[in-house]
Amino acid sequence: MKKLLLTLTAVSALSLAANAQTSKGTFLVGGSVSYDGSTIKDSDAKNNSFSIVPQLGYFVADNIALGTGIGYNWAETESDAGVKNTNNAFQLAPFGRIYSQNDGPVKFYGQLSVPMSWGTTKVDGDKTGTTAKYGVELAPGLAFFPTSNIGIDFRVKGLYFNSSNAEPTGGEKTTVSTYGLNASSLTPTVGVTFHF
């Protein structure tokens with residue numbers, strides 16, 4: 001009987017914790033940090049990139065959060081001849097997220113985000129142009145709340161559209177649009193969010 005009572009108490013506590021994490025007036029903190037590098041054997045060519053985008057959201061109503069991510073992206077490619085191409089960009093990604101209203105430690109959600117970035121391109125330290133990117137993404141996800149302050153998110157990219165502009169100094173602007181649906185359950189984005 002004691003085991004049954006303890007089990008019911010634990011399940012009730014997890015249900016209450018999950019509901020408190022997505023209730024009106026609470027905050028959601030998360031983000032992403034990435035670093036990628038590559039080299040070519042028997043060559044001086046190499047690529048490096050770094051990105052950091054912290055996110056902050058606020059629950060304006062139960063199960064509805066609004067927020068934004070603000071960050072920076074840097075990438076550098078060095079050719080075998082020693083020429084360095086560098087891209088720097090400031091990033092902004094406002095988002096809205098709606099969680100399911102079920103009880104328990106697992107909730108489904110949908111997130112609409114509008115990622116944007118503005119940057120410059122340089123060759124060997126000299127500015128050669130500017131870049132601008134605008135997009136919209138609609139992504140489904142699943143959140144698991146193992147504690148009262150931590151959420152583990154599993155999300156796929158979903159439906160997306162991006163428009164990228166590159167304008168070389170003294171040249172003509174080029175626009176590239178990408179779009180698609182990426183809902184592969186084999187390659188989800190996994191993240192940790194903090195709720196308080």
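# Aromatic contacts and strand pairing in a predicted model

Arg97 is placed over the face of Tyr109, 4.1 Å from the ring centre; a charge sits over a ring if NZ of Lys or CZ of Arg is within 6 Å of the ring centre and within 35 degrees of the ring normal. This is a predicted model, in which local features need pLDDT of at least 70 and side-chain atom pairs count only at pLDDT 80 or more, while totals for chains, interfaces and linings use all residues. Residues are numbered from 1 along each chain as its sequence is written, and side-chain values use heavy atoms, with hydrogens and water left out.

**Charge over a ring**

- Lys157 has its charged end over the ring of Tyr160, at 4.1 Å from the centre of that ring.

**Aromatic pairs**

- Seven aromatic pairs are present in the structure; rings of Phe, Tyr and Trp (its six-membered ring) pair if their centres lie within 6.5 Å, and planes under 30 degrees apart count as stacked, over 60 as edge-to-face and the rest as tilted.
- One of the pairs is formed by Phe27 and Tyr58, which are tilted, with 5.0 Å centre to centre and 55° between the planes.
- This pair links distant parts of the chain, since Phe27 lies in strand S1 (residues 27-39) and Tyr58 in strand S2 (residues 46-61), 31 residues apart; strands (E, at least two residues) are DSSP runs, numbered from the N terminus.
- Phe27 is partly exposed because its relative accessibility is 31%, and Tyr58 is likewise partly exposed, at 35%; buried means under 20% relative accessible area, exposed over 50%, and partly exposed in between (1.4 Å probe, protein chains only).
- Phe59 and Tyr99 form another tilted pair, 5.8 Å centre to centre with 35° between the planes.
- That pair also links distant parts of the chain, with Phe59 in strand S2 and Tyr99 in strand S4 (residues 84-99), 40 residues apart.
- Phe59 is buried because its relative accessibility is 0%, and Tyr99 is buried at 3%.
- Phe59, Tyr99, Tyr109 and Phe145 are joined by ring pairs into a cluster.

**Strand pairing around S9**

- Strand S7 (residues 126-144) runs antiparallel to strand S9 (residues 158-168) and is joined to it by 10 bridges; two strands pair if DSSP finds at least two bridges between them.
- Thr130 stands opposite Glu167 in S9.
- Strand S10 (residues 174-182) pairs with S9 in the antiparallel sense over nine bridges, and Asn162 stands opposite Thr178 in S10.
- The hairpin of S9 and S10 has five residues between the strands, and in this hairpin Gly170 takes a positive phi near 75°.

Technical notes
Helix = DSSP H or I, 4+ residues; strand = E, 2+ residues; numbered from the N terminus.
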